[in-house]
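Subject: Structure handover

Hello,

My notes on it follow below.

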Amino acid sequence: MMMTEVNKRKLVLPRLVLTFLLLFTSITNVVAGTTSRFVRSEWPSVDIPLDHEVFAVPKGPNAPQQVHITQGDYDGKAVIVSWVTPDEPGLSQVHYGTSEKKYDFTAEGIFSNYTFYQYKSGYIHQCLLDGLQYDTKYYYKIGNGESAREFWFRTPPKINPNASYKFGIIGDLGQTYNSLSTLEHYIQSGANTVLFVGDLSYADRYQYNDVGIRWDSWGRLAERSAAYQPWIWCAGNHEIDYMPYMGEVVPFKSYLHRYPTPYMASKSSNPLWYAIRRASAHIIVLSSYSPFVKYTPQWQWLREEFKKVNRDETPWLIVLMHVPMYNSNEAHFMEGESMRAVFEEWFVHYRVDIVFAGHVHAYERSYRISNIHYNVSAGDRYPIADKSAPVYITVGDGGNQEGLAGKFRDPQPDYSAFREASYGHSTLEIKNRTHAIYHWNRNDDGTKVPTDGFVLHNQHWGTNLRRRKLKKHHLRDVVGWIASS
Ligand SMILES: *[C@@H]1O[C@H](CO)[C@@H](O)[C@H](O)[C@H]1NC(C)=O
Ligand SMILES: *[C@@H]1O[C@H](CO)[C@@H](O)[C@H](O)[C@H]1NC(C)=O
Ligand SMILES: *[C@@H]1O[C@H](CO)[C@@H](O)[C@H](O)[C@H]1NC(C)=O
Ligand SMILES: *[C@@H]1O[C@H](CO)[C@@H](O)[C@H](O)[C@H]1NC(C)=O
Ligand SMILES: [Fe+2]
């Protein structure tokens, strides 16, 4: 049957509507998030053999090894230096000063040792250097004679809302060739402090005495960065080391002996959760594997810590945890729900700027969203856009031996802005109290490739007007980055 002119004209309008709809949908798709189609070529996720030079034991009898530092107080005027002497305790002393080879000060520390199955650890030293000057380069020496080793670090600027500072974010590192690549790319980034979101050595993938041996090798691998700048530690599931088959049932035994944190400075009762302030940032570290429900010590501590946050002094509020609260990967899906139900409301109320997590071996970034209205007798069960909410970023892609979490859930949820399963690290470059520049850098099998990035506007110092503008910029930046990658 032939179509009449009238009928044809009638069809024009629906066609226009359809065209608009299609156009609109394709825009919404971009806005709703991108699943990167980048597929990395294979590079085996195997641990580097123990006799490889990256694990080399330093020369000299009983020479200090596995040197690493972390912040030693609340505000950045102290550093904890930690190292291992393999054969005998030796001195727990650190000589330090502000000019090279000239050590005006000496600090005295302590050491401990532990067993794990039949493995006997070396002597693990911890030494606090305090009363340091801000924004100053310090040189330090440990060990003596032919076994002496020298390093340096730079203290952060004094707490100041306008201070600029560059953080790096690494998670789930392990000790494979991919881990080494991440570490090398991170070192090139020029960032000043690592926010480490858990799962250090993956030594628990080994059995019996090899567990302790792989904690040691990881310490020697990480030293190339961790001896020169603080790594802010957060515990993951691979730190639990619960291995009843060999009689090891004390959680976090190796980790707690080896990686001290300044928890008492923030009135925490446990090294697994604490807070520090550094330059213009207030950083809160949580433990996904310690009790956190209402009335537990971690919950009570966090409630008090949030009250202490002063955005006039430290405009940037950053939270670190191991298990992500927003994760659209098949791997570890929903594991963060229990903590989200307890803490998300506070994150929104206190306007946390950004939450970093690891655990999932891929990269994912959310929009500012929250899901705090749901309760079992009400039906509001979907995350909604919320300008008071943090951005959630998962960087569990340091490169450990378990490989990548390559299977994202389909379709991509609206709250998920960008996701990609490859190895890398992030940097957060705070410029002043209003602006920070965030990047995720994919290793891309040897070459550092910046892949995702945006300008982060401060939750406290960005006005509503500014935030609304940001939303547009933010999306444009994201689309721009994706387009240029
Ligand atoms: C610690 O070292 C001392 C001295 O070498 C040794 O006697 C002790 O057994 C060690 N303790 C543990 C728990 O390994
Ligand atoms: C920080 O910078 C802002 C904007 O330039 C200025 O108004 C404020 O006084 C500065 N604050 C401090 C403590 O220097
Ligand atoms: C649960 O949700 C309903 C509907 O929004 C609300 O009236 C009620 O106060 C909520 N209860 C709790 C304990 O949050
Ligand atoms: C803060 O940094 C941003 C980005 O570098 C810059 O555009 C802005 O002018 C700075 N604000 C002030 C008050 O210096
Ligand atoms: Fe994990």
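Pro89 counts as partly exposed because it has 14 C-beta neighbours inside 10 Å. On that scale, 20 or more other C-beta atoms within 10 Å of a residue's own make it buried, 12 or fewer make it exposed, and anything in between is partly exposed, with C-beta atoms placed from the backbone. Pro89 sits in the loop between strand 3 (79–85) and strand 4 (93–97). Helices (H or I, at least four residues) and strands (E, at least two) are DSSP runs, numbered from the N terminus. Leaving aside neighbours within four places in sequence, Pro89 is in contact with Phe111 and Tyr123; contact means that two C-beta atoms, placed from the backbone, lie within 7 Å. Asn62 is 27 residues from Pro89 in sequence, and their C-alpha atoms are 8.6 Å apart.

Please note that this is a predicted model, in which local features need pLDDT of at least 70, side-chain atom pairs count only at pLDDT 80 or more, and totals for chains, interfaces and linings use all residues. Residues are numbered from 1 along each chain as its sequence is written, while chains are lettered from A and ligands numbered from 1 in the order in which they are written.

On confidence: pLDDT is the predictor's confidence in each residue, from 0 to 100. The chain has a mean pLDDT of 90, and 88% of its residues reach 70 or more. Two stretches stay under 50. Residues 1–30 are one of them, with 2 contacts beyond four places in sequence. Residues 464–485 are also under 50, and there the model has 19 such contacts. Where pLDDT is low, the predicted coordinates should not be read in detail.

The chain holds 7 helices and 26 strands. Of its 485 residues, 45% are buried. Among contacts between residues at least 6 apart in sequence, 71% join residues at least 24 apart.

Strand 4 runs antiparallel to strand 10 (residues 137–142), and 3 bridges join them. Two strands pair if DSSP finds at least two bridges between them. Tyr96 has Tyr140 in strand 10 as its bridge partner. Strand 10 also pairs with strand 11 (residues 149–154), in the antiparallel sense, over 6 bridges. There, Lys137 stands opposite Arg154 of strand 11. Strands 10 and 11 form a hairpin with 6 residues between them, and Gly143 in the turn has a positive phi of about 75 degrees.

Some backbone details follow. Asp172 is not a glycine, yet its phi is positive, near 50 degrees. Asp172 lies in the loop between strand 12 (165–170) and helix 2 (177–188), and counts as buried because it has 31 C-beta neighbours inside 10 Å. Arg351, also not a glycine, has a positive phi of about 50 degrees. Its loop runs between helix 6 (337–349) and strand 18 (354–357); with 17 other C-beta atoms within 10 Å, Arg351 is partly exposed. The peptide bond from Asp410 to Pro411 is cis, with omega near 0 degrees, and Pro411 lies in the loop between strand 22 (391–395) and strand 23 (416–420).

Lastly, two of the ligands. Asn160, Pro161, Asn162 and Arg433 surround ligand 2, each with its C-beta atom, placed from the backbone, within 6 Å of the molecule. Around ligand 4 are Lys431, Asn432, Thr434 and His435.

Regards
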